Amino acid sequence: MAKITLDNLAHSYSSKPKGEDDFALKELNHVWSDGEAYALLGSSGCGKSTLLNIISGLLHPSQGRILFDDVDVTQSSTADRNIAQVFQFPVVYDTMTVRDNLAFPLKNRGADPAYIAERVQQIGAMIGMEEQLDTRARGLTADAKQKISLGRGMVREDVNALLFDEPLTVIDPHMKWELRTQLKSLHHEFGHTMIYVTHDQTEALTFADKVVVMYDGRVVQIGTPQELFDKPQHTFVGYFIGSPGMNVMPATVDGNTAMVHGLPVDLGAGYAALAGKVEIGVRPEFVTLTDGAGLPVKVRRVEDVGRHKIVRAELFGSEINILAGEDQNIGPDMTHITFDPARVNVYVNDWLNEGEAA
Amino acid sequence: MEKTVNQKAWFLILPVLILVAFSAVIPLMTVVNYSVQDTFGQNKFFWVGLEWFAEMLASDRMWDALGRQLMFSAIILAIQVPLGVFVALNMPKSGFWSSFCLVMMSLPLLIPWNVVGTIWQIFGRVDIGLLGYTLDALGISYNYTQNTFAAWATIIVMDVWHWTSLVALLAFAGLKSIPDAYYQAAKIDQASRWAIFRYIELPKMMGVLMIAILLRFMDSFMIYTEPFVVTGGGPGNATTLLSIDLVKMALGQFDLGPAAAFSIMYYLVILLISWVFYTVMTNLDNKGG
């Protein structure tokens, strides 16, 4: 278990990167605290796996350093870093039994046979494969194989960190839930530093203490699920987290008021003159349909998802989503919307601007 | 859907039947025909039943040839399979040098059998051949026309030179199909180089290796041209392998009856060994060998 520090880290797959665009992972400084569970969230190709492979040592970064508890490990091999990693697709040793698969990392490190036997039994129970310990891995189903991979990742107790690279992609939904819960309880029990890569926000938000959102090779926000919801630091975080994502619309901002297509919107804070591309973002949860006050909208569609209704509407030609209560009646007189002023965020060139307190 | 019954459909497979009949069945039946008859010339044949088979089974000549043949196949398999795998493991995995290696290794496979034989026949000659002359100059007694060991060494080295690349190419194809994640997982698990080979590479190569072994076995068991060109089966009968013996009998002595019986048994032996090998390997595979 260790604190992991990324110092000025960046990586490019081309050997002579010409500009920032050539970097799969842009310059990054971050400390992963000892014993915390992180989720690394982002769309495909945003550099999540690159970052993970750099931490585990499968990839050496083009620049910067990695420190485990203040020891520089940038050039160390994967084995020296003592890391466990589980991959997206199951990797099992076909010719071995389930038991031997689980014991393999321990045997390679020369652990005591009695300890191995006991530990393998324990992990076998944890992944629910106690009965199958003596069957060969070859004939098993994809999710059984992935459970073995997970088990192999968890079998060592002394690892510095446990890394997961979208490990539940191939597992069916019911089992997904169960395994995620087990990973969480494992985390509580042993307190490993865990980094969990995923593109599924539910998975990220339920698993992690802190979520790291990546976009285009850059970490755009690190925070608790609550922080990501309330104050997305970047418009991408707004879109990506939440279902549906945040509404973002172009605006001009002056003091406590924003103008959207010439109509005023109240803000929760005061702003000095802003330069660049200015937008305001409001989550659908904080948009209210009214029969008179506010901005004019045309309701296009109402989707009833059970707990609430999602209203798809049109505001000056662009789409806007509104969350309405399950029992709210959406009639033809609902032609306007208002925003909760405290929940309207202002973005300049896609980054959050908090302004001055009102 | 209702099945349409139309006996005329048989005509559609007629071309294939004719083709197979002329290319395989009829020639084979000729051999069967010879194996149960004898002749005193003038194209008059009479029935002798299984006499030729009994004669061949009792002849030391055939058993000796079979023994030499089995030894030859066993030796070349024991060399070519591990060597081919070793070469494949050490080849560059991608880029220019990978393609370069592949092309270089394919070259021996493209050379006709009798040319290979001629190359080695000349190469090994003590008077003008580079290999023979050099060995002789170094004081090593080497003469494949007189020394049994030298003759065997020559035809084995020749076969290894000619065919190891086939095993290597197949093994390389097997290796290339292993996803990177396996190697990454092995690194994480701190597997040794040997363990990576034993638990990842070998199991993933098993399928193609099986084909390689089968091909090399059948091919080496039927080998004729190369050793015939180099040693002609000599010195004495030291390198008279099954097919060389068969040709001597059929064309040299014109003993068509015994030769036909010999051919059929030869064919059955190859069929039997290949079948046993294939069955054992697939069984192992299903059990998760």
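**Entry 1**

I began with an open sheet of 3 strands in chain A, whose order is S15-S20-S16 and whose pairing is antiparallel. I took strands to be DSSP runs of E of at least two residues and helices to be runs of H or I of at least four residues, numbered from the N terminus. Two strands count as paired if DSSP finds at least two bridges between them. The edge strands, each pairing on one side only, are S15 (287-290) and S16 (295-296) of chain A. I then looked up the pairing of S16(A) with S20 (residues 336-339) of chain A, and it is antiparallel over 2 bridges. Opposite A:Pro296 I found A:His336 in S20(A).

**Entry 1: basis of the model**

I note that this is a predicted model, in which local features need pLDDT of at least 70 and side-chain atom pairs count only at pLDDT 80 or more, while totals for chains, interfaces and linings use all residues. Residues are numbered from 1 along each chain as its sequence is written, and chains are lettered from A and ligands numbered from 1 in the order in which they are written.

**Entry 2: chain A overall**

I recorded 9 helices and 23 strands in chain A. Its C-alpha trace spans about 75 × 45 × 35 Å along the principal axes. Of the 358 residues in chain A, 41% are buried. A residue is buried if 20 or more other C-beta atoms lie within 10 Å of its own, exposed if 12 or fewer, and partly exposed in between, with C-beta atoms placed from the backbone. Among contacts between residues at least 6 apart in sequence, 66% join residues at least 24 apart; contact requires C-beta atoms, placed from the backbone, within 7 Å.

**Entry 3: domains of chain A**

The domain assignment gives domain 1 (4-240) and domain 2 (247-357); such bounds come from an automatic or database assignment. I read a separation of 38 Å between the C-alpha centres of the two domains. Domain 1 gives 6 residues to their contact and domain 2 gives 8 residues.

**Entry 4: nonpolar cores**

I looked up the nonpolar cores, which are sets of buried Ala, Val, Leu, Ile, Met, Phe, Trp, Tyr and Cys residues joined through C-beta atoms within 7 Å. The largest has 80 residues, and those with the most contacts inside it include A:Tyr38, A:Ile195 and A:Val213. Beyond its neighbours within four places in sequence, A:Val213 is in contact with residues including A:Leu41, A:Val220, A:Leu228 and A:Phe240.

Most residues other than glycine have a negative phi. A:Asn8 lies in strand S1 (residues 4-12) of chain A and counts as exposed because it has 11 C-beta neighbours inside 10 Å. A:Asn349 sits in the loop between S21 (345-348) and S22 (351-353) of chain A. With 13 other C-beta atoms within 10 Å, A:Asn349 is partly exposed.

**Entry 5: contact with chain B**

I found 15 residues of chain B in contact with 22 residues of chain A. On the chain B side, the elements giving two or more residues are helix H8 (180-188) and helix H9 (193-221). H8(B) provides the largest share, 6 residues.

Technical notes: Contact = placed C-beta atoms within 7 Å.
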